[in-house]
Amino acid sequence: MTGEKGDGSKKPEGGETIDVNSPYYIHASDYTKQMQEMRNFLLAKNKMGLVDGSIEKPEVSSPMHTAWIRADAMIKGWLTTAMEKEIRTSVRFANTSSEIWQDLEERFEKEWAPQAYEL
C-alpha cells in the first residue's frame, strides 16, 4: 500500500520514498486517455528524461532501480497504447521506452522530411 507523507512524497510497498516531483513518481491518474500530444504529455508528467535517455537505468543495487523499471513500464504502455496496431507490432520487442521512442523518431523523421521541406 502506498502512504502519503507530510513532505509531499510517497512511500511504496518496496520501502523507498519517492518525491511527487521525481520522474519515478507514478500517480493513479496517469493513464493514456489523458494525452493529446505525447511529447507534451511526457514533459508535463516529468517523464521525458526516461524516454530521451537522459535519466539512465539505475544499477540493480540502486534503491531507485525498481522505481525506474515501474516508470519505464508505464511509459511503454502509454506509447504503445497510443500507436496504431501495425506500428505497435514493430516495437513490441523493445526493452525500454527509450528504445521505442528512438525507433519512432527514426521512423517518422524520414516520413515527415518531405513535408517539412515543403513548409
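A salt bridge here is a side-chain nitrogen of Lys or Arg within 4 Å of a carboxyl oxygen of Asp or Glu. Lys and Arg count as positive, Asp and Glu as negative; His and the chain ends are not counted. Buried means under 20% relative accessible area, exposed means over 50%, and partly exposed is in between (1.4 Å probe, protein chains only).

This is a predicted model, in which local features need pLDDT of at least 70 and side-chain atom pairs count only at pLDDT 80 or more, while totals for chains, interfaces and linings use all residues. Residues are numbered from 1 along each chain as its sequence is written, and side-chain values use heavy atoms, with hydrogens and water left out.

**The chain**

The chain has five helices and three strands. Their order along the sequence is β-β-β-α-α-α-α-α. Helices (H or I, at least four residues) and strands (E, at least two) are DSSP runs, numbered from the N terminus. Of the 119 residues, 34% count as buried. The chain exposes about 8,200 Å², and carbon and sulfur atoms supply 50% of that area. Accessible areas come from the Shrake-Rupley method with a 1.4 Å probe. Contact means heavy atoms within 4.5 Å. Among contacts with a separation of 6 or more, 44% join residues 24 or more positions apart.

**D72 and helix α3**

D72 sits in helix α3, residues 65–82. D72 is buried but has no salt bridge. Its nearest side chain of opposite charge is K76, 4.6 Å away. Beyond neighbours within four places in sequence, D72 contacts L50, N95, T96, S97 and S98.

T96 lies in the loop between α4 (85–90) and α5. T96 is buried, at 16% relative accessible area. Leaving aside neighbours within four places in sequence, T96 touches W68, D72 and K76. T96 and K76 are 20 residues apart along the chain, with their C-alpha atoms 7.0 Å apart.

Helix α3 has 18 residues and spans 26 Å from its first C-alpha to its last, close to the 26 Å expected at 1.5 Å a residue. The expected span is 1.5 Å times one less than the number of residues. Buried residues of α3 include W68, A71, D72, I75, W78 and L79. An α-helix has 3.6 residues a turn, so residues three or four places apart point the same way.

**Two side-chain pairs**

Which side chains meet in a salt bridge? E105 and R39 do, at 3.6 Å, N to O. E105 is in helix α5 (residues 97–118) and R39 in helix α1 (residues 38–44), 66 residues apart. A search of the whole structure finds one salt bridge.

Rings of Phe, Tyr and Trp (its six-membered ring) pair if their centres lie within 6.5 Å; planes under 30 degrees apart are stacked, over 60 edge-to-face, and the rest tilted. The count comes to one aromatic pair. The rings of F41 and W78 have centres 4.7 Å apart and planes at 80°, so the pair is edge-to-face. F41 lies in helix α1 and W78 in helix α3, so the pair ties together parts 37 residues apart in sequence. Their C-alpha atoms are 9.9 Å apart.

The table gives the accessibility of the partners.

| Residue | Relative accessibility | Class |
|---|---|---|
| E105 | 37% | partly exposed |
| R39 | 43% | partly exposed |
| F41 | 8% | buried |
| W78 | 3% | buried |
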